[in-house]
Amino acid sequence: MDALEILSNLDSVFPYFQPIFSADEMLVVAYEVLGRYQSDGEIISLGPFFNDDQIPDEYKYEVDLLLVKRSLEKALEVREDIKIFLNRDADLLVYDDGESFLQELLSFEKRGLSLSRIVLEISEHQYQGDLGQLDNLLNYYRTYGIKIAVTRLGRESHSFTRIGRLNPDILKINLQALKSTSTGTNFNDVLFAISLLARKIGADLLFENIEMSYQLQFAWKNGGRYYQGFYLSPPTDDFVPSNLLKNRLKEKFHDFNLYEKRKLEAVYSTAEILQAKVHEIVLKNKKLDYEDLLKAIAKQMDDMAFRMYICDGDGFQISGNLFKGNNGWNTQMEYLNKNWSWRPYFLETIIKMRNDRKGILSDLYCDIETGESIRTFSLPVFENNYLFIDISYRYLFEHDELL
Ligand code: CA
């Protein structure tokens, strides 16, 4: 892309707007501004221009400021509460201490554009400068009501620390990686962790690059409050009616609900069945010592379980492990007296079992030793003791409503 050609044809530089939809209202609530350039009757993205290291920052700055101006002119026309997302590369943002950009915003504020409608989409993946300086600048912008979104997540190892420090209003997550099934569980799990983090710090999740129905479903399921992508609406030079997809999103959410409820019902009813079954075996064999009791259970749950043990209310193992290896079940006494109360959800599960006097089927998680996705069924047995039965991936795979 010829930078000089662009700079000498600034009339051909203009913004495109991609709608961002909200899950709660199912309306267009914002637009992301994207740079476009018209060359020989063809409209091309200015993305490569802004990402090109060879092009001097002052050129980019000039083109960028023009895009900001033209997009905010447009924003003045629409509903008060529609937000405008402006892409801010950290390097360009700290250029001249972000002063001319801020002056531009303030001149629009004078004309009636509330700066609380502005969301800065910060991408700092190539930023080599001082993070403290960047943070100070962002905090300064915030004093004007400007919101901060963090984008290009999930690649840098320091993402989590950065997110904690920036405390953004919005976390923007690119679903491009979800296109191929080969990205598999790890990507899902990282996103799940990010969604927990977002909840902890009070940030909203925005999923972008939604290009297929299952990506929308993924975004919905993982706590996405905002959605953006070609599957919903492509970027254009104009705004769209805010209720453009209201009915379609309603239908989609209904389908997603049915699907998830069916899975939750399956987990619930499996827990009920296991509860009755295991409880009966325990009652019949309560005279046996723990290891023999586990063997009696294993005999009847051979197709399903691969590990079982008993803990007391403080998480200390009061039996060995009964583990199903390649040569069948065997007892591993080295696990006796190990403590598991430090594990996530352990105490919550104990308290819930104790209060409800009922078994619980856990969520799907990765077993530390085998590396497989499993669930654990746990059940109160005897006085203040708890039986844990790990359900194999193979069984869950054969009953895929449990996956
Ligand atoms: Ca962006």
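Start by selecting helix α10 (residues 246-284) and helix α11 (residues 290-300), whose axes come within 10 Å and cross at roughly 140 degrees. Axes here are lines fitted to C-alpha atoms, for helices over the stretch in contact, and angles run from 0 to 180 degrees between N-to-C directions. Helices (H or I, at least four residues) and strands (E, at least two) are DSSP runs, numbered from the N terminus.

You are looking at a predicted model, where local features need pLDDT of at least 70, side-chain atom pairs count only at pLDDT 80 or more, and totals for chains, interfaces and linings use all residues. Residues are numbered from 1 along each chain as its sequence is written, and side-chain values use heavy atoms, with hydrogens and water left out.

Now show the side chains between the two helices. K277, V278, I281 and V282 of α10 meet L293, A296, I297 and Q300 of α11 (contact means heavy atoms within 4.5 Å).

Next, colour the two domains: domain 1 covers 3-232 and domain 2 covers 259-402, with bounds from an automatic or database domain assignment. Their centres, taken over C-alpha atoms, are separated by 46 Å.

Finally, select the calcium ion. Which residues are its protein donors? They are E32 (OE), N87 (OD1) and E121 (OE), lying 2.3 to 2.4 Å from the ion. Donors are N, O and S atoms within 2.8 Å of the metal (3.2 Å for Na, K and Ca); water is not among the atoms, so sites may look incomplete. Along the chain, the donors follow the spacing E-x54-N-x33-E. Two of them link distant parts of the chain: N87 sits in strand β4 (residues 83-89) and E121 in strand β5 (residues 118-123), 34 residues apart.
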